[in-house]
Amino acid sequence: MTKILIIEDSLETQIYLKEILRSFDIQCATNLKDARGLLELSPNKWDLIILDRSLPDGDGMDLCLELNKAQINRQS
C-alpha cells in the first residue's frame with residue numbers, strides 16, 4: 001500500500017487531505033521536529049511526502065533540502 005506522510009500544522013487541512021487520500025496509508029506530523037522523528041525511524045518508508053512550507057518551528061523547504069541532501073549522500 002502507498003504510504004504518505006503529511007506534514008501540515010493545520011488540522012483542517014490535514015482532515016481534508018486525509019479524506020481525499022483515504023485509500024492510502026497516511027501518517028501526519030504537525031511540525032518539523034515530529035516529521036524528522038518519523039523520517040529518522042523509517043527513512044525509506046514513505047512513497048510521498050506532502051509538506052507545508054510554513055510550519056510553527058520553521059520552513060518546510062529546509063526539511064525538503066535536508067532530505068534531498070541525504071538522498072544524494074546515500075547515492076554517492
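Student: In which loop does Asn31 lie?
Tutor: This is a predicted model, in which local features need pLDDT of at least 70, side-chain atom pairs count only at pLDDT 80 or more, and totals for chains, interfaces and linings use all residues. Residues are numbered from 1 along each chain as its sequence is written, and side-chain values use heavy atoms, with hydrogens and water left out. Helices (H or I, at least four residues) and strands (E, at least two) are DSSP runs, numbered from the N terminus. On that reading, Asn31 is placed in the loop between strand S2 (25-29) and H2.

Student: Is Asn31 buried or exposed?
Tutor: A residue is called buried under 20% relative accessible area, exposed over 50%, and partly exposed in between, with a 1.4 Å probe and protein chains only. Asn31 has a relative accessibility of 18%, and therefore it counts as buried.

Student: Which residues does Ile7 touch, not counting residues up to four places away in sequence?
Tutor: Ile7 belongs to the largest nonpolar core, and Asn31 is among the residues that touch Ile7. With residues up to four places away in sequence left out, the residues touched by Ile7 are Ala29, Asn31, Ala35, Ile49, Ile50, Leu51, Asp52, Leu55 and Leu63.

Student: How many disulfides does a search of the whole structure find?
Tutor: A disulfide is a covalent bond between the sulfur atoms of two cysteines. In the search, a disulfide is a pair of cysteine sulfur atoms within 2.5 Å. The cysteine sulfur closest to that of Cys28 is in Cys64, and it is 18 Å away, so it is too far for a bond. The number of disulfides found in the whole structure is 0.

Student: In which helix is the place of Cys64?
Tutor: Cys64 is partly exposed, with a relative accessible area of 36%, and Cys28, at 26% relative accessibility, also counts as partly exposed. The C-alpha atoms of Cys64 and Arg74, 10 residues apart along the chain, are separated by 15 Å. The place of Cys64 is in helix H3.

Student: Which side chain makes a polar contact with the side chain of Asp25?
Tutor: A polar contact is a pair of N or O atoms within 3.5 Å; within protein, one must be able to donate a hydrogen and the other to accept it, and residues adjacent in sequence count only if both atoms are side-chain atoms. Asp25 is found in strand S2 and is partly exposed, with a relative accessible area of 28%. Leaving aside neighbours within four places in sequence, Asp25 is in contact with Met1, Thr2, Lys3 and Ile4. The polar contact made by the side chain of Asp25, at 3.0 Å, is with the side chain of Lys3.

Student: What is the length of the polar contact that joins the side chains of Asp59 and Arg53?
Tutor: Asp59 is found in strand S5 (residues 58-59) and counts as partly exposed at 26% relative accessibility. Leaving aside neighbours within four places in sequence, Asp59 is in contact with Leu32 and Arg53. The side chains of Asp59 and Arg53 are joined by a polar contact of 3.1 Å.

Note on methods: A nonpolar core is a set of buried Ala, Val, Leu, Ile, Met, Phe, Trp, Tyr and Cys residues joined through side-chain atoms within 4.5 Å. Contact means heavy atoms within 4.5 Å.
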